[in-house]
Amino acid sequence: MAQITFITSDNETITLEGKSGSVMALAVDHGIKGIDGDCGGVCSCATCHVHVAPEDMSKTGSASQIEADMLELDDNVNEFSRLCCQLEISDSLDGIVLKVAN
Amino acid sequence: MSNRLIKNKTCVVVGASHAGVNCAFALRREGWDGDIILYDADPLLPYHRPPLSKAYLTSDDGIDKNLLKSAESYDKEGISLNLGVSVKAIDRTHKNIILGDGSVQSYDKLVVATGARPIIPSIPGLANSNNAIPLRTATDVANIRHAVKNSNKKLVVVIGGGYIGLETAASLKKLGAKVTVLEREERILARVTAPEMSAFFQNLHLENGVEICTNKNVIAIETNNGEKIVCCDDGTCYPTDIIIIGVGIFVNKELAMAAGLDIENGIKVDETAKTNDEDIYAIGDCTFHYNPHYGRYIRLESVQNAVDQAKVAATSICGKETRYDTIPWFWSDQYDVKLQMVGLSQGYDQVIVRKENNDNKCLSFWYFKGEILLAVDAVNNAKAYVYGTKLIKSGERINKEKLLDCEEDLKIAHLISPINS
């Protein structure tokens, strides 16, 4: 179980509780603006881009090679970028804050 | 258009897969205040289709793990989702649709998202053969899983070496089946890729123990003592327990056609996804639409097209300016290989193949017409896919010499560096 907070580009703050599955699926299920997850979570579309709060990076880890490659030319990429389809919900993600990048 | 004008109006969407569902949610997001009513003949909650031939097939998951949106999302957005309901006709004069049970639903705006269905070729013995299954729906996958589980020898013949056939072959191999793919053309993926890429995938399947036979025109399915035999016109025969039919799709255009909408290679729509009827839009696999980048009408079978056209149609229905102008992209997963494709390679006159750092499994195929980059197929190489996307969009001249130089890492700055000569 993990509480995950999303901050959208409109500065809306939404905290959701998830048990399993990806963070992207949790966001899509609750209609978080800017998280589309068009490819269903296989790291193919880059429509689930978030910036992890710097203090939460130790919980999420940094982007994998394929995430970094998919985001390399994205205008909003930074060192805290992740594709949240690659973040599996578990207790260890409890309390993280994610800013939706788009 | 202000919200006042679209209040109390009804938008009906026929077809609740990637296109229809995304359109319904986009309509709300764009400010449609009135009713949104979705229909689909499939009784299951709308689900992601791409995983069906990939991870979903090899899992034991129910479709609930694979939904486009949760059941609650439809309620929350006030979208009326009507499943297991077929639509028989569109009455354009009265702006109604007629449902399977004869009841009538009126619309102010109608979206046709009827998609496509698998072609079942008219091969003697195929239609009445048990365990001859296409792969388009979750029910098809349930039938395939069941057939494999209940087969002793687990012999599978896949008819058709396109993406669906090859993905299914890879997945069934993972489930322990002995798989043979029969392709009618001289190479697999002949319709969509360069010979070099066909060869790569043929080899990949061979390495993984899937037999691929090309130039195989299936002419009959025979039964001998309860055993099925797939017979080809060159005299070869393949005994099997299960047949997977992956030879392509028919567009579900009958509803639109009977209503007198313009049809060519699909339902013809303009750049806002509107048909020749002011109040009827069509989106997704069923459309024949103009692609401004390539300057021609095309039909696409892809999630990208379904989702992007859905958004364009929703925006236009809500009275806002919009235009569909996207470079098509696709993906396929087979074994440990991730293939990402961008652009349309049709009409290419040169393919440049790059192998990164002599890594046999990290490749990219760059399709050119003269100096114009048309498309990129990237194998385990998201970087090439992303660069390709940018360069196709921008139309920048590419330094082919640098592209060919695999000693140097792939870098966008190299690709657009000045050309000596």
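A residue is taken as buried if 20 or more other C-beta atoms lie within 10 Å of its own. In this predicted model, Ile36(B) has 24 other C-beta atoms within 10 Å and is therefore buried. Ile36(B) belongs to strand 2 of chain B, which covers residues 35-40.

Leaving aside neighbours within four places in sequence, the contacts of Ile36(B) include Cys11(B), Val13(B), Ala24(B), Leu27(B) and Arg28(B), and also Gly78(B), Ile79(B) and Ser80(B). Tyr74(B) is 38 residues from Ile36(B) in sequence, and the C-alpha atoms of the two are 10.0 Å apart in space.

## The annotated domains of chain B

An unreviewed UniProt entry lists residues 10-310 of chain B as "domain: FAD/NAD(P)-binding".

## Helix 5 and what covers it

Helix 5 of chain B takes in the twelve residues 138-149, which at 1.5 Å a residue should span 16 Å, and the 16 Å found between its end C-alpha atoms agrees with that expectation. Its buried residues are Val141(B), Ile144(B) and Ala147(B). Seen down the helix axis, these buried residues fall within an arc of 125°, so they line one face of helix 5 of chain B.

On the other side of helix 5 of chain B, His146(B) and Lys149(B) are exposed. Among the elements that cover the buried residues of this helix are helix 3 (55-58), strand 9 (132-134) and strand 16 (242-245), each of chain B.

Strand 9 of chain B runs parallel to strand 16 of chain B and is joined to it by three bridges, with Ala132(B) standing opposite Ile243(B). Strand 10 of chain B (residues 155-159) also pairs with strand 16 of chain B in the parallel sense, over four bridges, and in this pairing the bridge partner of Ile159(B) is Ile245(B).

## A four-stranded open sheet

Elsewhere in chain B, an open sheet of four strands has the order 18-19-21-22, with mixed pairing. Strand 18 (263-264) and strand 22 (296-298) of chain B stand at the edges with a single partner strand each, so one side of each is left without a neighbour in the sheet.

Within this sheet, strand 19 (residues 266-268) and strand 21 (residues 287-291) of chain B run parallel and are joined by two bridges. Ile267(B) stands opposite Thr287(B) in strand 21 of chain B.

## Strand 24 and its antiparallel partners

Strand 24 of chain B (residues 337-343) has six of its seven residues buried, so this strand is largely enclosed by the rest of the structure. With strand 23 of chain B (residues 329-334) it pairs in the antiparallel sense over six bridges, and Asp333(B) stands opposite Lys338(B). The two strands form a hairpin with two residues between them, and Tyr335(B) in the turn has a positive phi of about 55°.

Strand 24 of chain B also pairs with strand 27 of chain B (residues 372-379), in the antiparallel sense and over five bridges. In this pairing, Leu339(B) stands opposite Val379(B).

## The contact between chains A and B

The contact between the chains takes 13 residues from chain A and 15 residues from chain B. On the side of chain A that touches chain B, helix 1 (23-29) and helix 3 (65-71) of chain A each supply at least two residues, and helix 3 of chain A gives the most, with three residues. By class, this side of chain A has six nonpolar, three polar and four charged residues.

Key. Residues numbered from 1 in each chain as written. Chains lettered and ligands numbered in written order. Predicted model: local features only at pLDDT ≥ 70, side-chain atom pairs only at ≥ 80, totals over all residues. UniProt positions renumbered as here; feature names shortened; annotations may be inferred. Expected span 1.5 Å × (residues − 1). Buried ≥ 20, exposed ≤ 12 C-beta atoms within 10 Å, placed from the backbone. Arc of directions from axis to C-beta. Contact = placed C-beta atoms within 7 Å. Pairing = 2+ DSSP bridges. Nonpolar A, V, L, I, M, F, W, Y, C, P; charged D, E, K, R; others polar.
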